[in-house]
Amino acid sequence: MKPFRPFRTIQMKLIVMVLLLILIAVQLIGVYFISTMKSSLINSFTSNINAQAQLLTVLAGPAIVKQQTDSGGRSEDASTELSQLVSSLFSINGAETQVLDASGRVLTTSMQSHQSYVGRKNTSLLVSRALQGISDNSEEIIDEDNVRKKVIAKPVISGGKIVGAVYIVASMKEMYETIDRVNRIFVSGMLLALGLTAILGILLAGTITQPIKALTRQASAVAEGNFDERVPVFGNDELGQLSMAFNEMTDRLSEALSVNEEEKEKIASILANMSDGVLATDELGRVIVANRRARSMLGLEQIEGMTVSECLNIDKESIAETLQGKEFTLLIERPAKDDEESLLFRVTLTPIRRRDKGVVGAIAVLHDATEAEKLEQARREFVANVSHELRTPLTTIKSYAEALDDGALSDPPLAERFVGVIRSETERMIRLVTDLLHLSRFDSKQAPLRRQMVDVEEIMEDVVDRFSLQLRQKAITAGVQVASNLPQVWLDRDGIDQVLDNLVSNAIKYTLDGGRVNLSARLNEGGQLEIAVQDTGIGIPKKDIERIFERFYRVDKARSRGMGGTGLGLSIAREIIRAHGGTIQLESEVGIGTKVTVTLPATQEGSEHA
């Protein structure tokens with residue numbers, strides 16, 4: 001639990017500050033007022049006593065002289081006169097007035113309880129001083145009852161001689177009680193003023209602190225991401241202007257954050273959907289941002305926190321020089337993992353610069369160059385294969401033409417054989433060029449499909465009829481199985497004939513004498529047309545199945561070429577099936593046979609282009 005600290009709030013500080021200011025001001029005023037009043041009362045009290053004492057000295061002089069010079073009844077008359085003078089004319093509340101003769105003996109006193117002092121000598125120092133002619137004698141004393149009193153002694157002069165003294169002791173109790181009453185009244189008024197000031201201070205501080213509290217709540221809400229609330233504006237003063245400025249700042253901050261979030265979402269979406277991998281690092285080379293493609297390319301799930309050299313398995317010099325402001329391009333190969341193939345990607349390292357801090361990080365862009373390298377390799381292989389396929393017949397034609405030119409024409413049987421070889425090689429080149437033109441049209445999307453309603457069973461019977469001679473020569477049994485519910489479909493008759501011719505031709509070529517070739521057609525569970533050509537031939541090794549549809553790819557190159565194949569038949573068949581919107585798959589096992597399955601849409605109308 002947090003400790004209670006009331007003085008941490010502005011409201012309490014304002015209240016305490018106001019109260020302290022009022023208290024200090026009132027105290028200063030009170031001290032000045034009380035001290036001035038006290039001085040005034042004491043001076044007035046002292047002046048009054050001095051005046052009375054001075055008057056008594058004038059009036060008491062003749063009576064003292066009379067008492068000292070006369071005797072008998074007249075002396076008693078003088079004593080009575082002094083007593084009446086002291087008791088009637090100078091009766092001060094709580095004051096004792098004594099008239100002394102020249103020796104300091106008490107002639108009369110105003111207090112009945114001190115009548116025993118009459119005839120005794122007053123030994124007070126003030127009396128001695130007064131009898132010596134010093135008229136300004138006064139002091140304050142505190143008696144045994146703890147009562148403050150004012151003592152004055154003045155000489156009585158008659159005929160130029162000091163004939164006695166007047167001694168007055170006046171109690172200052174009533175005066176100090178008056179001062180105390182004034183003090184109590186002042187303290188009560190001060191407390192009442194402080195109380196009213198505290199209430200007014202609370203109300204006044206509330207008018208100041210309430211907008212501040214509202215600003216604080218709004219600032220906390222803004223810090224938590226809530227920009228919907230607004231600070232109430234209570235006026236047009238400084239706090240009101242501050243509230244309006246804060247509301248405007250909240251609106252602008254909300255707009256700025258919205259734009260920032262939108263831009264951030266755009267950048268995140270761009271990074272997430274980029275075909276290239278992107279890594280962003282800090283100034284130490286540690287990865288702070290990585291997109292999904294980078295994780296996939298590097299085969300790492302947790303990249304953040306690793307260094308670029310660890311992620312890419314490269315030396316630290318390249319990234320170090322990049323962080324110094326240089327750009328680098330590297331070609332990196334990621335070894336194959338499990339069933340995955342190896343990847344080749346190009347890495348571009350670019351420094352991130354900030355205007356006031358220089359290089360603060362680096363960007364690594366990973367471009368997958370695997371497919372481009374494969375395409376380049378395929379292009380090189382394609383050029384090499386075409387060159388090789390054309391070189392063999394051209395060499396043969398050249399050799400036989402030279403032989404004919406060298407005299408073989410004079411031997412008709414030999415010349416006829418040479419011309420037959422030249423014709424055969426020429427037809428082989430024509431087939432090769434024709435297949436290449438077919439593939440070129442498919443690649444350029446310029447091979448039109450001339451669809452028509454066809455009977456699948458009829459197509460398959462025609463294929464078997466076209467290869468009946470080859471089937472009889474190798475004693476191969478051919479069978480056709482068509483499902484009874486198979487409807488007519490919209491297909492390019494010539495294209496499908498070419499596909500089936502190629503598949504059946506391959507089946508016959510690679511099936512030993514006495515084998516079997518089966519053609520079947522049905523509708524699969526998805527309602528698509530499924531045509532299968534299955535043989536009992538020599539089969540295809542598993543390592544070659546994935547590449548069997550590549551152009552010029554042969555499992556046994558020497559024997560395939562010897563059988564008159566160009567290595568393009570299956571590639572053309574795949575392109576024709578793709579143009580129909582279908583798929584072609586091959587299953588094979590060495591020594592058992594091969595099955596090629598073609599899947600086509602069963603119902604389709606109109607005419608399309610590949």
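The model is predicted: local features need pLDDT of at least 70, side-chain atom pairs count only at pLDDT 80 or more, and totals for chains, interfaces and linings use all residues. Residues are numbered from 1 along each chain as its sequence is written, and side-chain values use heavy atoms, with hydrogens and water left out.

**The sheet**
- An open sheet with mixed pairing is formed by 5 strands in the order β12-β14-β15-β17-β16; strands are DSSP runs (E, at least two residues), numbered from the N terminus, and two of them pair if DSSP finds at least two bridges between them.
- At the edges lie β12 (477-482) and β16 (583-589), each of which pairs on one side only.
- On average, neighbouring strands of this sheet are turned by 10° against each other, direction ignored (axes are lines fitted to C-alpha atoms, for helices over the stretch in contact, and angles run from 0 to 180 degrees between N-to-C directions).
- Strands β14 (residues 516-523) and β15 (residues 529-535) run antiparallel and are joined by 7 bridges.
- Opposite N518 stands Q534 in β15.

**The packed helix**
- Helix α13 (residues 493-509) packs on the sheet and touches β14, β15 and β17 (593-600); helices are DSSP runs (H or I, at least four residues), and contact means heavy atoms within 4.5 Å.
- The direction of α13 makes about 25° with that of β15.

**Residue H580**
- H580 is in the loop between α16 (569-579) and β16.
- H580 counts as buried because its relative accessibility is 2% (buried means under 20% relative accessible area, with a 1.4 Å probe and protein chains only).
- The H580 side chain reaches the backbone nitrogen of D492 at 3.1 Å and the backbone oxygen of I576 at 2.9 Å.

Methods:
Buried means under 20% relative accessible area, exposed over 50%, partly exposed in between (1.4 Å probe, protein chains only). A polar contact is a pair of N or O atoms within 3.5 Å; within protein, one must be able to donate a hydrogen and the other to accept it, and residues adjacent in sequence count only if both atoms are side-chain atoms.
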